[in-house]
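Please read the points below with the model open beside you.

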Amino acid sequence: MTEDASGPAPKLLCRNVWKVFGPKGAGVLADLGMDATAAQFEARGYVAAVRAVDLAVAEGEIFVIMGLSGSGKSTLVRCLSRLIEPTSGEIWFHGQNLLTASEAEMMQLRRHKMGMVFQHFALLPHMSVLQNVAFPLEVQGVGRAAREDTARKMIALVGLAGREDALPRQLSGGQQQRVGIARSLAADPELWFLDEPFSALDPLIRREMQDEFLRLQAVLKKTIVFITHDFDEAIRLADKIAIMKDGAVVQQGTPEEIVLHPATEYVAEFTKAVARAKVVRVASVMKPLEGAAPAISIAASAKIADAAPLFLQEQALRVVGANGATVGVLQRDDVVALMLGG
């Protein structure tokens, strides 16, 4: 868990993590072996909800774990925080394998280093917004003045300033989820777990919450593990995606890699309806600049969908890197070919 020539160590690292539900699951795992399928466990009356998962989540990254209902994604995220006890494997965080940590150590990590947001808001109905957001700090023993000051800052951060005295029942679903997010951020977690946080919301509110989430991440730069079953949500939010099926990760990579190069038919089914322009970066389509640079520029990191409207009046765009220097040119014909499936 140290830095090497390949770069810094991941913030969260999972190695060969398993969760087998049933009595003496570890013994059944040892008997069947690490290559056993979900069906083989089922034949013995066991459920292999998580099978041989390897993940590496970089600091400041939004790592999305997705799959259909029953794929194991929610079980996995609970294993990562040991809300559910893994059957075997390694989960490294803060230089420690969490599977060797005592319950007291895990409690301290959850209180001070980890934040969690779930699909159902789980707000305390008799407490005000301010009290709900301050509650994790109260559990930590932080004094009232200090915890309420922090809570007010978090409430303002999620756009609910002025609603501090409201009770949860007086808020809309989107507002309640904002309170849940503010509460999870109050303790300033290093690692933030979100399990389908927006799936209970109406589509328009869900889109607004995704925008809010991206805005918060641009400010806070948290290390995030985000669970969803919605591929459109995954490609919109993720730096990296892992797709699960029957408890196993069948592919992981950037949204662009997964959409352009699905590893299995299962992944291809997820990606077939996704407009490539939403996920492909300008840098992947640009060509070397030859001759004079076009007047209008676009960032190499931008998506093709962002570039497309600029071609209403232009045949080519100048592509610039993070430092503003010209790194290539994006041609209209290449964008049209991509958007038509080429």
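1. Which residue stands opposite L13 in strand 4? The residue opposite L13 is W92. Helices (H or I, at least four residues) and strands (E, at least two) are DSSP runs here, numbered from the N terminus. The model is predicted: local features need pLDDT of at least 70, side-chain atom pairs count only at pLDDT 80 or more, and totals for chains, interfaces and linings use all residues. Residues are numbered from 1 along each chain as its sequence is written, and side-chain values use heavy atoms, with hydrogens and water left out.

2. Strand 1 (residues 12-21) and strand 4 (residues 88-93) run antiparallel and are joined by five bridges. Two strands pair if DSSP finds at least two bridges between them. An open sheet of four strands has the order 2-1-4-5, with antiparallel pairing. Its edge strands, strand 2 (47-57) and strand 5 (96-97), each pair on one side only.

3. H94 lies in the loop between strand 4 and strand 5. Its phi is near 60°, a positive value in a residue other than glycine. Most residues other than glycine have a negative phi. With a relative accessible area of 46%, H94 is partly exposed; the classes are buried under 20%, exposed over 50% and partly exposed in between (1.4 Å probe, protein chains only).

4. Is strand 7 (residues 191-195) largely enclosed or open? Five of its five residues are buried, so strand 7 is largely enclosed by the rest of the structure. L191, F193 and D195 point one way from the strand, while W192 and L194 point the other way.

5. Strand 7 has parallel partners. Strand 6 (residues 114-118) pairs with strand 7 in the parallel sense over five bridges, and V117 has L194 as its bridge partner in strand 7. Strand 8 (residues 223-228) also runs parallel to strand 7, joined by five bridges. In strand 8, V225 is the bridge partner of F193.

6. A right-handed β-α-β unit is made by strand 7, helix 8 (residues 203-220) and strand 8. Right-handed means that, with the strands pointing away from the viewer, the path from the first strand over the helix to the second runs clockwise.

7. Within the loop between strand 7 and helix 8 is E196. Phi of E196 is near 45°, a positive value in a residue other than glycine. E196 is buried, with a relative accessible area of 10%.

8. R206 is placed in helix 8. Its relative accessibility is 11%, so R206 counts as buried. Leaving aside neighbours within four places in sequence, R206 is in contact with F198, S199, L201, T228, D230 and E233. Contact means heavy atoms within 4.5 Å.

9. Helix 5 (residues 129-140) and helix 7 (residues 173-185) pack at an angle of about 30°, with their axes 7 Å apart. Axes are lines fitted to C-alpha atoms, for helices over the stretch in contact, and angles run from 0 to 180 degrees between N-to-C directions. V129, N132, V133 and P136 of helix 5 meet V179, A182 and R183 of helix 7 in this contact.
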